[in-house]
Amino acid sequence: QVQLVESGGGLVQAGGSLRLSCAASGRTFGSNAAGWFRQTPGKEREFVARISWDGGRTSYSESVKGRFTISRDNAKNTLYLQMVSLRPEDTAVYYCAAGPSTLYTTSWSYWGQGTQVAVSS
């Protein structure tokens, strides 16, 4: 069992930066892939970024590639999302997630409560 608690959201001006954190509890976190998703009211949940269990492989949605960086510190049981050059369209509730995966698929079994990111123009 893995529990995820997010922090770091807030209000930032366009062009600014934020770093989101996701603190994980549970002995299996280090063996799980992890990722970030975001959702705006009235829109479908959107994939943002994913990282392999050992941090060796990452992937990003085209909308954030080059601006966001996902990382993890398994010794601290923590997942991060560094966000730079933020745009108003990045405004959303951001969720961290984790679960077992292969090279091809991930089962997103665990979810955080979400943290609000608001980018003003």
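Me: Over how many bridges do β7 and β8 pair in the antiparallel sense?
Reply: This is a predicted model, in which local features need pLDDT of at least 70 and side-chain atom pairs count only at pLDDT 80 or more, while totals for chains, interfaces and linings use all residues. Residues are numbered from 1 along each chain as its sequence is written, and side-chain values use heavy atoms, with hydrogens and water left out. Strands are DSSP runs of E with at least two residues, numbered from the N terminus, and two of them pair if DSSP finds at least two bridges between them. For β7 and β8, which form a hairpin with 4 residues between them, the number of bridges is 6.

Me: Which strands are the edge strands of the open sheet?
Reply: The sheet is built from 4 strands in the order β1-β3-β8-β7, with antiparallel pairing. An edge strand here pairs on one side only, and this holds for β1 (3–7) and β7 (68–73).

Me: How many residues of β8 are buried?
Reply: Strand β8 (residues 78–83) is joined to β3 by 6 bridges, and Leu79 in β8 stands opposite Cys22 as well as opposite Arg72. Buried means under 20% relative accessible area, against over 50% for exposed and partly exposed in between (1.4 Å probe, protein chains only). The strand is largely enclosed by the rest of the structure, because the number of its 6 residues that are buried is 5.

Me: How far apart in sequence are the parts that Cys22 and Cys96 tie together?
Reply: Cys22 and Cys96 form a disulfide with their sulfur atoms 2.1 Å apart, where a disulfide is a pair of cysteine sulfur atoms within 2.5 Å. Both Cys22 and Cys96 are buried, and the disulfide is right-handed because the torsion about its S-S bond is about 55°. Since Cys22 lies in strand β3 (residues 18–25) and Cys96 in strand β9 (residues 92–99), the pair ties together parts whose separation in sequence is 74 residues.

Me: Is Ser52 buried or exposed?
Reply: Ser52 is placed in the loop between β5 (46–51) and β6 (58–60). Leaving aside residues up to four places away in sequence, Ser52 touches Ala33, Arg57 and Arg72, a contact being heavy atoms within 4.5 Å. The relative accessibility of Ser52 is 10%, so Ser52 counts as buried.
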